Amino acid sequence: MNENPHIDLFPPIEPYRHGFLPPQDGHSVYFEECGSAAGLSVVFLHGGPGSGCGPKHRQLFNPATTRVILFDQRGCGRSTADRPLHANTTAHLIQDMERLRQHLGIDRWLVVGGSWGGGLGLAYAAAHPAACLGAVIRGVFLSRPEDLQWFFHDAVRCMPDAWELLAPHLSGFSPQDCCERICSHMLQADDADALVLARAWQSWENALTNRSYTPTAATGLDEKSAQALLAKYRLQSHYLLNQCFFPQDGLLNHLAAIEDLPLHLVHGRLDWICLPEAAWAVHRTLHHSRLSLVDGAGHSPFEAPMTGVLVQAIETMVQQLSAKG
C-alpha cells in the first residue's frame, strides 16, 4: 500500500539521561534516553554498519508518548573500544541490546530501525520475541549476496557517472566479487590508501541515497574527520565481508519467531541503497506484516515523503500498543 501523510519531524530534543553500559569485550556502549520517562519504551537502531545515532533521529519520536532509547553500536559514534572490530558481530549487538534493556529495567519495548538497523531489528526480534512489543522497520537491509552485488556493482545502471568513483578500485573483478574486493582492501590497506577508497565509497553511497550526483573536487579532511571516516568504513567492511553475520541460509529463513509480532515495514520506492524487493521479501515471509511503499522517497528517513510515513507509522504503533496496556 502507499501512504504519504504530511507530517514533519518533532522538534529537537535533548536526552534526559545518558551514559555507558558496563564495559564488555573491551567495548563501552553509549546510550541515551529521550522523551517521556512514563512513555512507551522504544529502542532505535541506527544504520551502517559503522554509523551512529544523531540528534535528528530523536525527532522521529513523539516526546510526549515515548521513552526512546538510542545507542551507538559497538565501534560506532560515541561508543568506545581499543579494538573496534574485536568481538563485534550481530550476535554481540543483540547481546548488547538485551544488556541495555535489562540495565534500564524495561520489560518489553518497541523496536525501530532503518537500513542495516532494520536488519538488526529483525534479527533481534527473532532472537528475543518475548522482549518485543512490535517493530517498525524502514528500508530493510538483508545483506544477501544479491544485495551486496547491487550496491557495489549493479547500481551502476542508475548512476553510471557516480560509479566511476569506485571503478578504478574494481578493475578486473567480476560483479559478484566487487564487495569482497572493496571491503578486503579497506581492511588491509594502509590509512592513506584506505582513505582514498573510503572517500570514493562515501561519495557513491551519498549519490545513491540522494539520487543525484555532481562531481566536485575533493577537499582535505582534518585528522579527526579522516579517522572517523576510516573507522566507519572499516567497520562496515568487517560486517559486509561476513554478510552482516546473519545465518548462512539468510535472515528470512529465521523470522518465524515473529510471525505474530506487530510489524510495519516502510520502504521508499526509489530506494537505490536497499531495493524495495527486500521489504517485499520480508512481507511475503511474514504475511501478517503491514507494508508501506512510499512514492517519491528513497533511502533517507529525512526525505520529506519518507519522513511523513515513518513518523506516522511509529506514532500509530505506539498508540496501538499503549491502548493494549
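A residue is called buried here if its relative accessible area is under 20%, exposed if over 50%, and partly exposed in between, using a 1.4 Å probe and protein chains only. The model is predicted, so to speak of local features pLDDT must be at least 70, and side-chain atom pairs count only at pLDDT 80 or more, while totals for chains, interfaces and linings use all residues. Residues are numbered from 1 along each chain as its sequence is written, and side-chain values use heavy atoms, with hydrogens and water left out.

On to the overall picture. The protein chain holds 10 helices and 10 strands, which are DSSP runs numbered from the N terminus (helices: H or I, at least four residues; strands: E, at least two). Its radius of gyration is 19 Å, close to the 20 Å that the globule rule gives for 325 residues, so the chain is as compact as a globular protein of that length. That radius is taken over C-alpha atoms, and the rule is 2.2 Å times the number of residues to the power 0.38. Along its principal axes, the C-alpha trace spans about 60 × 45 × 40 Å. Of the 325 residues, 54% count as buried. A contact means heavy atoms within 4.5 Å; among contacts between residues at least 6 apart in sequence, 77% join residues at least 24 apart.

Next come the aromatic rings. Rings of Phe, Tyr and Trp (its six-membered ring) pair if their centres lie within 6.5 Å; planes under 30 degrees apart are stacked, over 60 edge-to-face, and the rest tilted. A search of the whole structure turns up 10 such pairs. One of them is Phe20 with Tyr30, an edge-to-face pair at 5.6 Å centre to centre, with 75° between the planes. Phe20 sits in strand S1 (residues 17–20) and Tyr30 in strand S3 (residues 30–35), so the pair ties together parts that are 10 residues apart in sequence. Tyr30 is buried, with a relative accessible area of 8%.

Phe151, Phe152, Trp201, Trp204 and Tyr233 make up one aromatic cluster. Phe151 and Phe152 are also among the buried residues of helix H4, together with Asp147, Leu148 and Trp150. The cover over the buried residues of H4 includes helix H5 (160–163), H6, H7 and H8. In helix H6 (residues 178–188), the buried set is Cys178, Cys179, Ile182, Cys183, Ser184 and Met186. These pack against helix H4 (145–152), helix H7 (191–210) and helix H8 (223–240).

Most residues other than glycine have a negative phi, and most peptide bonds are trans. Gly48 and Pro49, however, are joined by a cis peptide bond, with omega about -5°. Pro49 belongs to the loop between strand S4 (40–45) and H1. Ser143 is not a glycine, yet has a positive phi of about 55°; this residue is in the loop between strand S8 (132–138) and H4, and is buried at a relative accessible area of 2%. Phe245 likewise has a positive phi, near 55°. Phe245 lies in the loop between H8 and strand S9 (263–268) and, at 26% relative accessibility, is partly exposed.
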